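Here are some notes to keep beside you as you look through this one for the first time. Take them in order, with the model open.

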Amino acid sequence: MSTATSSFADSPLVGAILAAGRGDRMHSRNAWLPKTLLPIGGRPVLSHQLRLLRSLGVRRVVILVGHLKERIVDYLETTRGLGLRVDLVEQTVLDGAGAGLLRLQPEVDRPFVLFLGDIFIRPLRLADLVEPVVRGECAAVLAVTM
């Protein structure tokens with residue numbers, strides 16, 4: 001599935017979202033709702049992440065899907081990917097985030113911003129973290145917050 005309204009070639013960054021997991025700690029909700037579609041503030045976590053990526057200048061996002069991928073596809077079709085080109089990669093064997101990231105590697109051809117699909121991020125100064133990578137001053141930045 002790919003949705004696009006503009007070229008993504010002009011963006012120095014690609015977005016990557018790991019959203020394949022089952023969400024076992026969600027108990028019975030994981031039978032019908034992928035954790036990336038859990039609502040926060042009236043919108044799914046995925047919506048917040050896509051909007052944040054778009055605000056960073058990202059035009060293309062690659063999403064790793066697995067558990068209940070059809071629900072994610074339906075959401076993206078309904079929202080038209082929020083104006084981003086969205087490509088999906090399927091992870092059929094759910095063997096962790098590291099393996100999922102390796103599945104995305106062939107689709108990521110430039111510096112990227114990686115989000116875990118079940119994490120809500122408050123975008124305080126995120127652009128400041130991304131800029132050194134875009135300028136080529138460093139190869140990676142890892143941000144952790146509590």
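Leaving aside its neighbours within four places in sequence, which residues is L129 in contact with?

1. The answer is V141 and A143, where contact means heavy atoms within 4.5 Å. L129 lies in helix α4 (residues 126–134). L129 is partly exposed, with a relative accessible area of 33%; buried means under 20%, exposed over 50% and partly exposed in between (1.4 Å probe, protein chains only).

2. A word on what you are viewing: this is a predicted model, in which local features need pLDDT of at least 70, side-chain atom pairs count only at pLDDT 80 or more, and totals for chains, interfaces and linings use all residues. Residues are numbered from 1 along each chain as its sequence is written, and side-chain values use heavy atoms, leaving out hydrogens and water.

3. Now find strand β4 (residues 60–65), where 6 of 6 residues are buried. Helices (H or I, at least four residues) and strands (E, at least two) are DSSP runs, numbered from the N terminus. R60, V62 and L64 point one way from β4, while V61, I63 and V65 point the other way.

4. β4 has parallel partners: 5 bridges join it to β1, and 6 join it to strand β5 (residues 85–90). Two strands pair if DSSP finds at least two bridges between them. I17 has I63 as its bridge partner in β4, and R60 stands opposite R85 in β5.

5. Strand β1 (residues 14–19) also runs parallel to β6, joined by 5 bridges. Here G15 stands opposite V113.

6. Finally, look at the largest nonpolar core, which has 24 residues; I17, L46, L50, V61, I63 and L76 touch the most other members. Such a core is a set of buried Ala, Val, Leu, Ile, Met, Phe, Trp, Tyr and Cys residues joined through side-chain atoms within 4.5 Å. The largest share of this core, 4 residues, comes from α1. Apart from it lies another core, of 9 residues, among them V14, V62, V89 and V108.
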